[in-house]
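Open the model in your viewer and keep the selection panel at hand.

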Amino acid sequence: MKRDGAMNSLWQQGMEDFQSAAQEIKTRFYDIIIVGGGVTGVTTALQLQKSGKKCLLLEAHSLCFGTTGGTTAHLNSFFDTSYEEIRSNFGEDAIHLVANATSRALDLYHHNIEHYGIECEYEQKDGYVYSRDQKQTVQLSKIFEASKQAGVDVAYTERIPVPVDFHQAIVYRDQAQVHPTKYVMALAREFEKAGGVIHQQCRVEDTVEADDRVTANTSLGAFQATFLIYATHIPPHINLLHFRCAPYRSYALAVKLNGNYPDGLSNDMYDPYHYYRTQIVNGEKYFIVGGEDHKTGHEENTEMCFRKLEAHAREYFDVKEVVHKWSSQYFEPSDGLAYIGLLPGSKGNILVATGFSGNGMTYSHIAALLLPDLINKKENAWAALFNPNRLKPIAGFAEFIKENADVVGQFIAKRIGTDKISELAEMAPGEGRLVKFEGNRLAIYKDENGKLFALNPVCTHAKCIVDWNTAEKSWDCPCHGGRFDIDGKVITGPAHKPLEVVQVMDLVK
Ligand SMILES: Cc1cc2nc3c(=O)[nH]c(=O)nc-3n(C[C@H](O)[C@H](O)[C@H](O)COP(=O)(O)OP(=O)(O)OC[C@H]3O[C@@H](n4cnc5c(N)ncnc54)[C@H](O)[C@@H]3O)c2cc1C
């Protein structure tokens, strides 16, 4: 199973790419087009198809190619933005709504898995959060109090599952964990059984809203529907939401331990925090450790993030072997809550679900419950809270986006000599680097056989400069999270045009 990075996640192990039942295009008219075949798109598509709508799901690569293939799949009833922060940013009613939404999202996992008999190593577990110093303990007590007020089942606890010294700890009951790609692919099969259609390797290039319909122009031609949902993790093209969401990367290891495997979901309170859980895959136990998050394109050596994470894992756990390591991208919303609803700028027919932080496994299911209600004009108490058109940017966020935005003028070179590149940069095989060339920058990569690839590093989305991701071997845009392979092709993110290729040739002969 393919994913949007060079490294293999635990969820790719033994998994094949999804084979769609629809081998040819029979119709181009639907009630709803869902764009994106991750957990959000597939779960939402199934909900809509089951409610009697005729749905089409379009995926640019294959199902679970995006962050769903690189998640760690803790299913939590609390978010990275704590109940305390939500209360302070959005008021007291908001925490009750969030508690209700997360609880309904977790119920939907449970329902789907029971109802469809899905074998996806799903287990209900407790979720622990613990402090390691006095400052964190003060913060933890506020989180506890706000969570209690929200009505979440939470308590102080004397023990945590991981062998880490802690000051104080709280436990959230009835959390869960799942094998995400087994779950999503099983739901996709249910979607097809219910009459839904999936086309993979189909990129939506643009959309046109007219006469109360949406036309999606794709790499497989045009499709039409009454509604279209962008479940693409971040919507494409330039949208207000790109200035309300910032791309981050997070790192994960799946390791074998000597001795006992901790039981439960845990995380500490550092920024970025570490997160841990155990997962059984096909009868084998793996301990998953995550963390070392940073803004996309802001870490020169992403390999180093894995080294730090492994050193952390070895400090606290008796690690026998690191079996998988991988990283992936998520989007941080400016005010701490996801954006689920009408796409800003849409005339009323395009919806979106984005800004999920590190909680998209839960948010995906909130989206799968909320979006059908919005489409069916059914009252939903969460609608205003998650409305993408709400105006609630947090002070400092605009600065943060600006700080990222390394926007440049047009790049002009169309070709460059190999001798020039060698002069510009001494590069090891497998290395990528930005170099200065004729007053502009050039993105160059040398493959394992010494072949050179050169690209114009100006991101085709909003003209920021991409940076090399050492570990996942991709060019990543720090502004809005567009990612490109060594040939310049779009991997993920809001860009839909490739980076411009600069021909590398022997010009001296
Ligand atoms: C390392 C890591 C660990 C995480 N751990 C957790 C966790 O423990 N718990 C939790 O709740 N959340 C977690 N998250 C977040 C969560 O995994 C994501 O929010 C979630 O997987 C996003 O799912 P999605 O379906 O919205 O997006 P994706 O899985 O990214 O799917 C989007 C899909 O859209 C497709 N696409 C994009 N553009 C187009 C286009 N133009 N046309 C057609 N298709 C397109 C892509 O190819 C992709 O397959 C984690 C994130 C990271 C990075």
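The tour starts with notes on conventions and then moves to the ligand.

This is a predicted model, in which local features need pLDDT of at least 70 and side-chain atom pairs count only at pLDDT 80 or more, while totals for chains, interfaces and linings use all residues. Residues are numbered from 1 along each chain as its sequence is written, and side-chain values use heavy atoms, with hydrogens and water left out.

**The ligand**

Next, show the polar contacts (pairs of N or O atoms within 3.5 Å). A backbone N or O atom of Ala-60 is 3.0 Å from a ligand nitrogen, and a polar backbone atom of Gly-360 is 3.1 Å from a nitrogen atom of the ligand. At Met-361, a polar backbone atom lies 2.8 Å from a ligand oxygen. On its own the ligand has 1000 Å² of accessible area (Shrake-Rupley method, 1.4 Å probe), and the protein covers 97% of that area.

**The domains**

Colour domain 1 (28-71 + 181-243 + 336-399), domain 2 (120-176 + 247-327) and domain 3 (415-505); the bounds come from an automatic or database domain assignment. Taken over C-alpha atoms, the centres of domain 2 and domain 3 are 34 Å apart. Their contact (heavy atoms within 4.5 Å) takes 12 residues from domain 2 and 13 residues from domain 3.

**Two backbone details**

Which bond joins Asp-271 and Pro-272? A cis peptide bond does, with omega about 0 degrees. Pro-272 sits in the loop between β12 (265-267) and β13 (275-281); strands are DSSP runs (E, at least two residues), numbered from the N terminus.

Finally, select Asp-174 in strand β6 (residues 168-177). Asp-174 is not a glycine, but its phi is positive, near 55 degrees.

Definitions and conventions: Polar contact = N/O pair within 3.5 Å; in protein donor to acceptor, adjacent residues only side chain to side chain. Helix = DSSP H or I, 4+ residues; strand = E, 2+ residues; numbered from the N terminus.
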